[in-house]
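Dear colleague,

Please find the structure below, handed over for your review. My notes on what was found in it follow directly after.

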Amino acid sequence: MTDQYVGAPLPPRETRKLVLGRGCYIADVSMPGLLHAAFVRSPHAHARVVRIDVDAARRAPGIVAVLTGRDLATMTARFRMAPPIEGLLPMEMATLPTDTVRFVGDPVACVIGDDRYRVEDACATVDVEYDVLPAVIDPERAEDPDAPRVDEAIPANRPYHGVFAHGDIEAALRAADRVVQVRFHQGRQTHVPMEPRGCLASWLPGDETLTFWHSTQIPHPMRSALAARLGIPESAVRVITPDVGGGFGQKIPLYREELTTAAASRRLGRPVRWVETRRENLLASLHAREDIVDVRAAVRSDGTLLGLDVRILADFGAYAYFPANYMARVVGMLIPGAYRLHDYRYEITTVLTNKCPSGPYRAPMLVCSWVIEGAIDAVARALAMDPVEVRRRNMLADSDLPYTTAGGFEYRSVHPRDTLERALRAFDYAERRREQADARSRGTITGIGIATYVEPNTYGSEFYKTAGIPGSGHDAAIVRIEPSGAVSAQIGVVSQGQGHLTTVAQALADELAVPIENVRVQSGDTAAAPYGMGTRGSRGGVVSAGAALGAARVLKQKLLRLAAHVLEAPIDDLELAGGRIQVRGAPASAVTIAQLAQKAYLAPTDLPRGMEPGLEATHAFDPPPLTFSSGTHVCQVEIDPGSGRVTIPRYTIVEECGRMLNPRVVEGQLHGATAQGVAGALFEEVVYASDGQNLSATLLDYAMPIASDLPSFDVQHVEHPDPATPLGMKGMAEGGVMGASAAISNAIADALAPLGVELTRQPFTARRLGERLRS
């Protein structure tokens with residue numbers, strides 16, 4: 001394969017129509033007879049539903065139907081989360097609650113009508129009588145004997161508890177010269193995609209089929225879930241995903257509102273659309289990240305890390321869209337990060353609270369990088385050592401590979417030390433430390449933070465088996481060479497800005513030696529694309545290109561066989577180049593791909609004996625259990641002592657993600673991910689009052705950074721191809737979040753340490769810092 005396109009920084013094809021204003025999102029999709037849905041939501045964090053009176057709403061102008069949980073119980077199946085995982089308690093969820101609401105924003109009724117404004121007005125006429133109950137908000141109090149139960153089926157509000165160990169942590173703690181204790185409290189966040197959730201369901205009476213336009217990351221699993229919950233054959237459901245305005249993990253589950261919309265369309269025989277408001281998105285869509293991690297690090301006096309003892313408390317919210325151990329287990333497995341560590345124990349406790357349910361958000365394992373990198377810095381402070389020296393003493397080198405971590409992962413192609421040393425040189429670390437000392441002498445509060453991360457990605461099926469988590473990691477593609485010689489492909493993943501349609505086209509153009517202008521990649525329609533597991537876990541680039549390349553290589557062999565027949569030449573003497581197949585050393589003896597395609601489709605009697613007409617292949621690709629990218633972020637912060645405002649004068653990133661299919665796409669993903677990491681460390685937090693009211697349910701209160709809040713990123717790329725994947729690819733879309741969260745947090749800790757101030761809770765907002773500095 002000649003690499004003309006792979007590695008080229010081509011502009012993503014998907015973006016042109018968007019900047020021209022020609023994108024198509026759920027709110028743009030319309031149909032004759034379209035109805036609109038809106039939801040009545042609980043104003044209480046915890047309450048019994050005494051009565052729901054919908055008569056006034058049903059009589060309102062333009063209202064076609066009002067559905068409650070009791071209606072939907074006869075139309076849909078309950079959701080049960082009960083994978084066979086030791087220590088995990090099963091949880092169930094009705095489509096809409098009938099007896100008890102569990103968080104502010106819990107939907108209790110759906111109003112459907114011919115006009116969105118009328119529907120919203122009618123929601124206000126639904127009269128719900130509640131018996132308000134005490135709420136549990138603080139995850140550290142959720143297991144108290146007198147705490148109210150969020151779910152009556154879950155004793156002590158604890159759906160999961162587990163302890164995992166490697167080596168002998170007690171021996172390591174006894175042998176240590178010093179045991180350093182530190183806490184990491186990651187604030188609750190939410191995803192805030194530019195396009196909130198939305199769907200349009202159209203049931204066709206007589207045909208008895210459902211077409212479901214959906215802003216989702218996983219069209220095929222969504223089809224499976226819809227069919228199961230509606231009790232209809234999966235073949236009767238078609239999911240179409242138009243343009244998706246961001247997902248970040250929030251658009252993975254089948255939510256209750258979406259299932260209700262589909263059930264309403266089926267009952268009414270008309271298309272029904274629901275588009276979430278921004279307030280609903282902040283209030284009642286998926287939240288993420290609220291973890292409290294306590295660490296004891298056993299170390300020698302020279303900084304050598306002997307062992308880690310870790311306790312993880314995860315706030316899971318009110319309902320289970322995912323297994324309650326899923327994200328916390330991955331956090332625990334990944335905490336060893338880039339370091340040599342033998343003796344390791346981690347204990348996981350997941351608790352329910354009366355808050356919006358929690359789930360994955362870009363880099364759901366995020367806290368692991370802050371935990372290990374923050375612990376390394378805490379060790380350095382305790383021993384009066386430079387944090388770089390402690391890292392160098394403990395960090396894995398290429399000579400350690402392959403290496404099996406204390407969390408159970410095998411590192412084959414991961415190079416964190418290379419990124420660390422390059423980042424320190426690019427940042428001019430020694431000079432920056434001298435400048436920091438001078439600035440401190442003048443009273444400036446300034447700190448330097450370092451974070452080296454190992455980002456797991458791709459997630460092949462073997463990973464889920466090893467982790468004891470139900471799931472599959474395969475994906476599939478269909479590649480077809482049309483009679484004209486043009487190349488068409490359908491892939492199972494869908495893009496929310498990752499550029500899959502471009503990067504897959506680059507790989508196919510090189511593999512089939514055709515101009516990229518002749519390659520068209522499509523996705524997002526379960527009636528056309530093969531079954532795939534969707535876009536999540538930084539897997540899309542590897543699995544989509546891997547599946548498409550597998551199918552292209554099948555076609556390539558068929559082309560060579562057909563060309564050998566046409567040219568009357570041995571197949572081993574043929575080569576594919578420049579859109580044609582020629583005899584090696586005799587370029588005049590050649591046939592174009594277009595000519596071969598014409599024969600394959602339109603002259604089947606001219607084909608070799610036994611060859612089927614057409615040029616189409618389907619290939620399923622299951623990647624390695626994991627691939628691992630790595631990187632190092634180094635930054636400098638300054639804190640204003642009066643306001644607590646943080647500025648970031650310098651920010652350096654060196655990242656390694658295997659072979660880059662498209663450096664421009666990689667750069668965009670890295671910038672976006674790093675911005676989200678900075679946002680979580682400094683700005684964004686979902687805040688609940690003690691009675692369970694969400695105090696951050698508008699963008700006036702949920703503080704997202706703007707461009708002027710972010711630094712310029714000095715980025716360098718290193719390529720170490722992974723031998724276990726096609727083209728040496730790795731995923732990379734989440735590492736920027738991991739590096740930024742830890743680097744910013746470490747820089748703030750470094751800035752505050754000379755003042756004797758310690759903060760252990762993100763985000764480090766100006767208010768939080770200012771109050772502490774003035775106290």
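Helices (H or I, at least four residues) and strands (E, at least two) are DSSP runs, numbered from the N terminus. The model is a predicted one: local features need pLDDT of at least 70, side-chain atom pairs count only at pLDDT 80 or more, and totals for chains, interfaces and linings use all residues. Residues are numbered from 1 along each chain as its sequence is written, and side-chain values use heavy atoms, with hydrogens and water left out.

**Two buried residues**

Glutamate 734 sits in the loop between strand 32 (714–718) and helix 19 (735–752). Glutamate 734 counts as buried because its relative accessibility is 6% (buried means under 20% relative accessible area, exposed over 50%, partly exposed in between, with a 1.4 Å probe and protein chains only). Not counting residues up to four places away in sequence, glutamate 734 touches Arg362, Ala363, Pro364, Met365, Glu455, Pro456, Gly537 and Ser538; contact means heavy atoms within 4.5 Å. Its side chain also reaches the backbone nitrogen of alanine 363 at 2.8 Å.

Threonine 674 belongs to helix 18 (residues 663–682). With a relative accessibility of 0%, threonine 674 is likewise counted as buried. The side chain of threonine 674 reaches the backbone oxygen of leucine 670 at 2.8 Å. Leaving aside neighbours within four places in sequence, threonine 674 is in contact with residues including His633, Tyr651, Phe713 and Val737.

**Two helix pairs**

Two packed helices are described by the angle between their axes and the distance between the axes. Axes here are lines fitted to C-alpha atoms, for helices over the stretch in contact, and angles run from 0 to 180 degrees between N-to-C directions.

The axes of helix 15 (residues 500–512) and helix 16 (residues 540–567) cross at roughly 30° and come within 9 Å. Helix 15 is therefore roughly parallel to helix 16 (angles under 35 degrees count as roughly parallel, over 145 as roughly antiparallel, 65 to 115 as roughly perpendicular and the rest as oblique). Among the residues that meet are Val504 and Leu508 in helix 15 and Ala545 and Leu549 in helix 16. By class, this contact of helix 15 with helix 16 has eight nonpolar, four polar and three charged residues; Ala, Val, Leu, Ile, Met, Phe, Trp, Tyr, Cys and Pro count as nonpolar, Asp, Glu, Lys and Arg as charged, and the others, Gly among them, as polar.

For helix 11 (residues 387–394) and helix 12 (residues 416–427), the axes come within 11 Å and cross at roughly 155°. Helix 11 and helix 12 are therefore roughly antiparallel. Val388, Arg391 and Arg392 of helix 11 make the contact with Arg417, Leu420, Glu421 and Leu424 of helix 12. By class, the contact of helix 11 with helix 12 has three nonpolar, no polar and four charged residues.

**Backbone points to inspect**

Most residues other than glycine have a negative phi, and most peptide bonds are trans. A cis peptide bond joins leucine 401 and proline 402, with omega about -5°; proline 402 lies in the loop between helix 11 and strand 20 (403–404). The bond from glutamine 762 to proline 763 is cis, with omega near -5°.

Arginine 289, although not a glycine, has a positive phi of about 80°, and at 7% relative accessibility it counts as buried. Aspartate 428 has a phi near 60°, again positive in a residue other than glycine. Aspartate 428 is partly exposed, with a relative accessible area of 37%.

With kind regards

Conventions:
Polar contact = N/O pair within 3.5 Å; in protein donor to acceptor, adjacent residues only side chain to side chain.
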